[in-house]
Amino acid sequence: MIVNFRVDERLVHGQIVSTWLKYLDISHMIVANDMAAKDELQKISLTMAIPSNIKCLITNVDAAIRVLSDPRSKDKKILVICGNFSDVLKIITKIKDIREINVANYGKLTNVNSNNKQVISRALILGDEDKENIKKIAAMGVLVIHQPLPSSPKKNLNNV
């Protein structure tokens, strides 16, 4: 079902399209983001970046939960992308078989004005609220990692 669950404030971009989709042999992608789901121009631009052989759904979080709960999703190789931790928390409370969340390309846009920023890497900056959300996710038995590329080592974030 879910091959990879990613938190990425840019949602769909070259790094995902050129490396992750191929590396994971993804057949379906779900972008679970309420704001993107409402913005037709953003939906069109995100969809244009995705290869035609990948089925993509850009939808709100509640609809993503319904799709992921559907038994027909079990035989698909799905990449799920959320733009923030609130959406992740909402999904993992309903979808129980998620074991790992990959946080990459996050915080440069979200945490611009945050005071207590922790720079994990060039691709990851965490604020206090992000760290609290990671603790909540970890408390649910989900491993939170940072792995921008498949060739990058996995960095455990559960104790940030």
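**Burial, cores and strands in a predicted model**

Biologist: Why does Cys82 count as buried?

Modeller: The model is predicted, and in it Cys82 has a relative accessibility of 0%. Buried means under 20%, so Cys82 is called buried.

Biologist: What makes Cys56 partly exposed?

Modeller: The relative accessible area of Cys56 is 29%.

Biologist: How many disulfides does the structure hold, and how do you know?

Modeller: There are 0. The sulfur of Cys56 has its closest cysteine sulfur in Cys82, 13 Å away. A disulfide needs the two sulfur atoms within 2.5 Å, so this pair is too far apart for a bond. Cys82 likewise is in no disulfide, with the sulfur of Cys56 as its nearest cysteine sulfur.

Biologist: Why is Asn53 called exposed?

Modeller: Its relative accessible area is 60%. Exposed means over 50%, so Asn53 belongs in that class. Asn53 is placed in the loop between helix 3 and strand 3. Its C-alpha atom is separated by 7.4 Å from that of Ser27, although the two residues are 26 apart along the chain.

Biologist: Ser73 is also in a loop, between helix 4 and strand 4. Is Ser73 buried or exposed, and how do you know?

Modeller: Ser73 is buried, because its relative accessible area is 6% and the limit is 20%. Not counting residues up to four places away in sequence, Ser73 touches Met1, Val67, Leu68 and Ile78.

Biologist: What makes strand 2 a partner of strand 3?

Modeller: The two are joined by 5 bridges in the parallel sense. Pairing asks for at least two bridges, so the count is enough. Within strand 3, Leu57 stands opposite Ile30.

Biologist: And what makes strand 4 a partner of strand 2?

Modeller: Strand 4 pairs with strand 2 over 5 bridges, in the parallel sense. The requirement is again at least two, so they pair. Met29 has Leu79 of strand 4 as its bridge partner.

Biologist: Which residues have the most contacts inside the largest nonpolar core?

Modeller: They are Ile91, Ile101, Val103 and Ile137, in a core of 30 residues. Helix 5 gives the largest share, 5 residues. Apart from this core lies another one of 17 residues, including Val17, Leu24, Val31 and Ile81.

Biologist: What is Val103 in contact with, its neighbours within four places in sequence left aside?

Modeller: Val103 has contacts with Val7, Phe85, Leu124, Val144, Ile145, His146, Gln147 and Leu157. Each is called a contact because heavy atoms lie within 4.5 Å.

Biologist: What is the volume of the largest pocket, and which residues lie nearest its centre?

Modeller: The volume is about 410 Å³. Glu9, Asn33, Gly83, Asn84 and Thr110 lie nearest the centre, out of 24 lining residues. A residue counts as lining when it has an atom within 4 Å of a pocket point. Helix 2, helix 3, helix 5 and helix 6 each supply at least two residues of that lining.

Notes. Residues are numbered from 1 along each chain as its sequence is written. This is a predicted model: local features need pLDDT of at least 70, side-chain atom pairs count only at pLDDT 80 or more; totals for chains, interfaces and linings use all residues. Side-chain values use heavy atoms; hydrogens and water are left out. Buried means under 20% relative accessible area, exposed over 50%, partly exposed in between (1.4 Å probe, protein chains only). A nonpolar core is a set of buried Ala, Val, Leu, Ile, Met, Phe, Trp, Tyr and Cys residues joined through side-chain atoms within 4.5 Å. Helices (H or I, at least four residues) and strands (E, at least two) are DSSP runs, numbered from the N terminus. On a 1 Å grid over the protein atoms alone, a cavity is a set of points where a 1.4 Å probe fits but cannot get out, and a pocket is an open set with protein on both sides within 12 Å along at least five of seven lines; lining residues have an atom within 4 Å of a point. Grid points are joined across faces, edges and corners, and a volume is the space filled by probe spheres set on the points.
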